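Subject: Structure for your files

Hello,

Here is the structure we talked about. My notes follow it.

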There are 2 protein chains.
Amino acid sequence: MLTIGLDADDTLWHNESLYWLTQEKFRQLLAPYHSAEWIDQRLYETELRNLEHFGYGIKGFALSMIETAIDLTEGRVGAGEIGEILGYAKTMLQAPVDLLPGVEEVVQQLASDHQLMLITKGDLFDQESKVARSGLGDYFAKVEIVREKDPSAYRTILQRHGIAPQHFLMVGNSMRSDILPVLSLGGLAAYIPYHITWQHEAAAPPEPTTAGFFHLDAIDQLPALVQVLSGQVSQNPTP
Amino acid sequence: MLTIGLDADDTLWHNESLYWLTQEKFRQLLAPYHSAEWIDQRLYETELRNLEHFGYGIKGFALSMIETAIDLTEGRVGAGEIGEILGYAKTMLQAPVDLLPGVEEVVQQLASDHQLMLITKGDLFDQESKVARSGLGDYFAKVEIVREKDPSAYRTILQRHGIAPQHFLMVGNSMRSDILPVLSLGGLAAYIPYHITWQHEAAAPPEPTTAGFFHLDAIDQLPALVQVLSGQVSQNPTP
């Protein structure tokens, strides 16, 4: 049997677009001080520098925006503008969970024949809230929220559930977090790009001929791939 | 066999004292504007209001301090002061994990005969980092980081691991999060107070005669309690 791991943000529902819209508001806020390019670059640098302290998620993003606003204005930014940034964060945290096209049908269909796991990283509180609000929670046998989606995190998850890597298909939009680590363990990986990728998640794709790697245009192509892979897996069982 | 659940913050290591020290700095920062009592009260109100958006943890605390500073000064707080609050948050996130007296010996001793679980709430990223830095991680068969420590969260954990409530002892410093929910499920609970309790975690204790409730003065009294309870559990096995 094939176990299917699904990424959440930008695979099941829109997420990066919410950051993008917020960053656009942030650019407008600081437009009197700097160019959009310079604001983007400095914000990204601040986010990366803070990643080891804050981890992923909206609260860390908000703190990094505030820090960037102070730095970029050399302290001239006003409390009113900082207050606006706090407002952006609350808006993001309360934003409705907006499923990508076809997700509900595909998840429902796959769940009837396969064990589905939702595997996501980021802020526990925010991610659990989104899973609950998505209405998809019941289709997943397991929800795993991890600190970082690296080979060691996937290895731990597969071992805990007694899943052989060659019977595991990970589906997601991030080369860095969903695809490459799973391939490195000998698993299967289906890449479905989202129209915006956070710079930090970008990575060179594997060679198109890499065993176990599949590139789909949209999630509605997933059931057909799963059907083919399931046939191969059942012909080729591991002890 | 008895499974022992241990809370982390203020049960295994100092935590609330770190918030307290930070709040003292925050009071000093806003001392030109308001009295310490009023600052404390408004910060607490802001934290509670934000809890549903931010959850528990340092990042949410930092955002609430910033919001309170803006509100309390009616926007007169400067970017430099906001920058100081950001600095407080980073200092907290990097603070060494300071074990409470006796913790290392007790945890080591209990782990040799019992299954230990660390059960904590709050920010996944920060809590995992503290478990790793504490050096205690290997003594725990499981680490559970949950959104809220309520009866439903404990029920889920016990069911997942096939533990009967009457074979489960929870140990912690919060009546609200460690003691009352576990007693409500028919489990055992040992309360070990910490010298500071966040107002939000305070709750009336159960009657001293409540079955399964124990009040210890310090963690070094835990092994003796566990020994007594283990004897009772093994005389009284559940099917």
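Helix H4 of chain A

The buried residues (under 20% relative accessible area, 1.4 Å probe, protein chains only) of H4(A) are Ala79(A), Ile82(A), Ile85(A), Leu86(A), Tyr88(A), Ala89(A), Lys90(A), Met92(A) and Leu93(A). Their cover includes helices H1 (16–30), H3 (58–72) and H6 (124–134) of chain A, along with H2, H3 (58–72) and H4 (79–94) of chain B. H4(A) has 16 residues, 79–94, and reaches 23 Å from first to last C-alpha, close to the expected 22 Å (1.5 Å times one less than the number of residues). Helices are DSSP runs of H or I, at least four residues, numbered from the N terminus.

The model is predicted: local features need pLDDT of at least 70 and side-chain atom pairs pLDDT 80 or more, while totals for chains, interfaces and linings use all residues. Residues are numbered from 1 along each chain as written, chains are lettered from A and ligands numbered from 1 in written order, and side-chain values use heavy atoms, without hydrogens or water.

Chain B

The axes of H1(B) (16–30) and H2(B) (36–54) come within 10 Å and cross at roughly 120°. Gln23(B), Phe26(B), Arg27(B) and Leu30(B) of H1(B) make the contact with Ala36(B), Ile39(B), Asp40(B) and Leu43(B) of H2(B) (heavy atoms within 4.5 Å).

Pro151(B) lies in H7(B), residues 151–160. Leaving aside neighbours within four places in sequence, Pro151(B) contacts Pro181(B), Ser184(B) and Leu185(B). Pro151(B) is partly exposed at 31% relative accessible area (the class between 20% and 50%). Its C-alpha is 44 Å from that of Gly78(B), 73 residues away along the chain.

Regards

How values were computed. Axes are lines fitted to C-alpha atoms, for helices over the stretch in contact, and angles run from 0 to 180 degrees between N-to-C directions. Helices (H or I, at least four residues) and strands (E, at least two) are DSSP runs, numbered from the N terminus.
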